[in-house]
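Keep the structure open while you read.

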Amino acid sequence: MTTVVLADDEALLRKALAALLTLEDGITVVAEAHDGESAVRETLRHRPDVLVIDLEMPGVDGLGAVERIRRDRPDQVVLMLTRHARPGVLRKALRLGVQGFVSKSAEPAHITSVINTLHGGRRWIDPDVSALAVVDDCPLTDREIDVLRATGEGYSAAEIADRLHLAEGTVRNYLSHAMQKTQTRTRHEAARYAREHDWL
């Protein structure tokens with residue numbers, strides 16, 4: 001029996017997928033989570049074989065949740081669901097040890113198959129996700145992306161420094177470089193520009 005924690009902020013989609021997965025032989029959904037914070041909490045509480053998590057959620061997103069889960073459960077198997085893989089996101093997810101990437105538009109039977117593939121110790125990235133992800137024209141470094149993503153979530157430079165375990169001056173340098181590369185005047189404009197270009 002493969003145990004699953006399912007995290008997605010879209011209640012209708014999450015409930016439907018949970019119901020469909022439960023119908024499949026060998027899969028048990030032990031908990032559902034509606035955002036990144038609850039995904040971390042439920043995963044650490046239930047210790048599932050596979051965490052199925054949406055990439056884009058309010059507050060702590062899928063990548064942020066996985067990063068936090070990795071601190072306590074470095075070997076947690078993760079399947080990430082996404083509507084469209086932004087350039088650079090796949091690379092960061094793989095660096096975090098995410099084993100699988102599937103489009104949110106995939107059939108439930110396909111998601112079930114991928115869950116079993118990951119539980120068997122293998123990796124899976126949907127071809128349409130990987131095709132989008134390799135088209136990477138982003139000039140920003142991973143750290144510049146990190147600070148812009150946190151800026152877009154409304155955090156101050158001091159709060160970003162605390163969250164990313166960096167000196168505040170280092171954060172300001174990353175923001176300055178990002179503003180130069182995006183030819184914007186403020187960090188908020190830079191974050192908006194980067195999001196519009198699917199870099200975050």
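Ala157, Ala158, Ile160 and Ala161 of α8 are in contact with Glu168, Val171 and Arg172 of α9. The model is predicted.

**α8 against α9**
- The two axes lie 8 Å apart, and α8 and α9 pack at an angle of about 110°.
- Angles of 65 to 115 degrees count as roughly perpendicular, so α8 is roughly perpendicular to α9.
- By class, the contact of α8 with α9 has 5 nonpolar and 2 charged residues, with no polar ones.
- Among the charged residues in this contact are Glu168 and Arg172, both from α9.

**α9 against α10**
- Helix α9 covers residues 168-182, and helix α10 covers residues 187-196.
- Their axes are 9 Å apart, at an angle of about 60°.
- That angle makes α9 oblique to α10.
- The crossing of α9 and α10 is left-handed.
- From α9, the contact takes in Leu175, Ala178, Met179 and Thr182.
- From α10, Arg187, Ala190 and Tyr193 take part.
- Sorted by class, the contact of α9 with α10 has 5 nonpolar residues, 1 polar and 1 charged.

**α2 against α3**
- Helix α2 spans residues 36-46, and α3 spans 62-72.
- The axes of α2 and α3 come within 9 Å and cross at roughly 25°.
- Angles under 35 degrees count as roughly parallel, so α2 is roughly parallel to α3.
- α2 passes α3 in a right-handed crossing.
- On the α2 side, the residues in contact are Gly36, Glu37, Ala39, Val40, Thr43 and Leu44.
- On the α3 side, they are Ala65, Arg68, Ile69 and Asp72.
- The contact of α2 with α3 has, by class, 5 nonpolar, 2 polar and 3 charged residues.

**The largest pocket**
- How much space lies in the largest pocket? The volume is about 400 Å³.
- Its lining has 17 residues.
- Closest to the centre of the largest pocket are Gly64, Glu67, Arg71, Arg163 and Leu164.
- Which helices each supply at least two residues of the lining? They are α3 (62-72), α7 (142-152) and α8 (157-164).
- α3 gives the largest share of the lining, 5 residues.
- By class, the lining of the largest pocket has 10 charged, 4 nonpolar and 3 polar residues.

Definitions and conventions:
Residues numbered from 1 in each chain as written. Predicted model: local features only at pLDDT ≥ 70, side-chain atom pairs only at ≥ 80, totals over all residues. Heavy atoms only, no water. Axes fitted to C-alpha atoms, helices over the stretch in contact; angles between N-to-C directions. Helix = DSSP H or I, 4+ residues; strand = E, 2+ residues; numbered from the N terminus. Parallel < 35°, antiparallel > 145°, perpendicular 65-115°, else oblique. Left-handed = near helix turned anticlockwise from the far one by under 90°. Contact = heavy atoms within 4.5 Å. 1 Å grid on protein atoms, 1.4 Å probe; cavity = no way out; pocket = protein on both sides within 12 Å on 5 of 7 lines; lining within 4 Å. Points joined across faces, edges and corners; volume = space filled by probe spheres on them.
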